[in-house]
Amino acid sequence: GFWGGEGKGADAAPQVMEAFEQEERKPKPNPQLLFSDVYREMPPHLRRQRAALERHLQHYGEHYPLEHFEK
């Protein structure tokens, strides 16, 4: 297979894994982008979902790795 130690893909595996690990160390995008990055004007159902997420994180934010996300 491609990653199985045969062919030209085997040589790329360490480079791909290193690139993946480098990206994983970067801060994740702000969760608010889930709501603001698609529509020019946010539909009402997404405004409600965004408000629900904000309330949830206010109450339970300590249970999430929010320090790994951009502010």
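Biologist: Hi! What should I know about the model before I start clicking on residues?

Modeller: It is a predicted model, where local features need pLDDT of at least 70, side-chain atom pairs count only at pLDDT 80 or more, and totals for chains, interfaces and linings use all residues. Residues are numbered from 1 along each chain as its sequence is written, and side-chain values use heavy atoms, with hydrogens and water left out.

Biologist: Fine. What does the chain average in pLDDT?

Modeller: The average is 86, and 86% of the residues score at least 70. pLDDT is the predictor's confidence in each residue, from 0 to 100. Where pLDDT is low, the predicted coordinates should not be read in detail.

Biologist: And how many helices and strands does the chain have?

Modeller: Three helices and zero strands, giving the pattern α-α-α along the sequence. Both kinds of element are DSSP runs, numbered from the N terminus: helices are H or I with at least four residues, strands are E with at least two.

Biologist: Where is confidence lowest, and where is it highest?

Modeller: Confidence is lowest in α2, with a mean of 84, and highest in α3, at 94.

Biologist: What share of the chain counts as buried?

Modeller: Of the 71 residues, 10%. Buried means under 20% relative accessible area, exposed means over 50%, and partly exposed is in between (1.4 Å probe, protein chains only).

Biologist: Give me a residue to look at. Is leucine 46 buried or exposed?

Modeller: Leucine 46 counts as buried because its relative accessibility is 12%. Leucine 46 sits in helix α3 and touches Phe35 and Tyr39, leaving aside residues up to four places away in sequence. Contact here means heavy atoms within 4.5 Å.

Biologist: How far is leucine 46 from serine 36, C-alpha to C-alpha?

Modeller: Their C-alpha atoms are separated by 9.1 Å, with the two residues 10 apart along the chain.

Biologist: New topic: charges. How many salt bridges does a search of the whole structure find?

Modeller: Two. A salt bridge is a side-chain nitrogen of Lys or Arg within 4 Å of a carboxyl oxygen of Asp or Glu. Side chains of opposite charge can pair when their charged atoms come close.

Biologist: Which side chains meet in them?

Modeller: Glutamate 18 meets arginine 25 at 3.6 Å, N to O, and lysine 26 meets glutamate 23 at 3.0 Å, also N to O.

Biologist: How exposed is arginine 25, and what about glutamate 18?

Modeller: Arginine 25 counts as exposed, at 59% relative accessibility, while glutamate 18 is partly exposed at 35%. In the other pair, lysine 26 is partly exposed at 44%, and glutamate 23 is partly exposed at 46%.

Biologist: What about nonpolar surface, which residues form a patch?

Modeller: Val16, Met17 and Phe20 do, with about 280 Å² of accessible area together. Patches are made of residues with over 30% relative accessible area and no salt bridge; like charges are joined within 9 Å and nonpolar side chains (Val, Leu, Ile, Met, Phe, Trp, Tyr) within 5 Å. Valine 16 is in helix α1 and counts as partly exposed because its relative accessibility is 38%.

Biologist: What is the accessible surface of the chain as a whole?

Modeller: About 6300 Å², of which 56% belongs to carbon and sulfur atoms. Those areas come from the Shrake-Rupley method with a 1.4 Å probe, and for residues only the protein chains shown count as cover.

Biologist: Last one, where does asparagine 30 lie?

Modeller: Asparagine 30 lies in the loop between α1 (9-25) and α2 (33-36). Not counting residues up to four places away in sequence, asparagine 30 touches Glu70 and Lys71.

Biologist: And how far apart are the C-alpha atoms of asparagine 30 and lysine 71?

Modeller: They are separated by 5.9 Å, although the residues are 41 apart along the chain. Lysine 71 is in the segment after α3 (44-60) and is exposed, with a relative accessible area of 80%.
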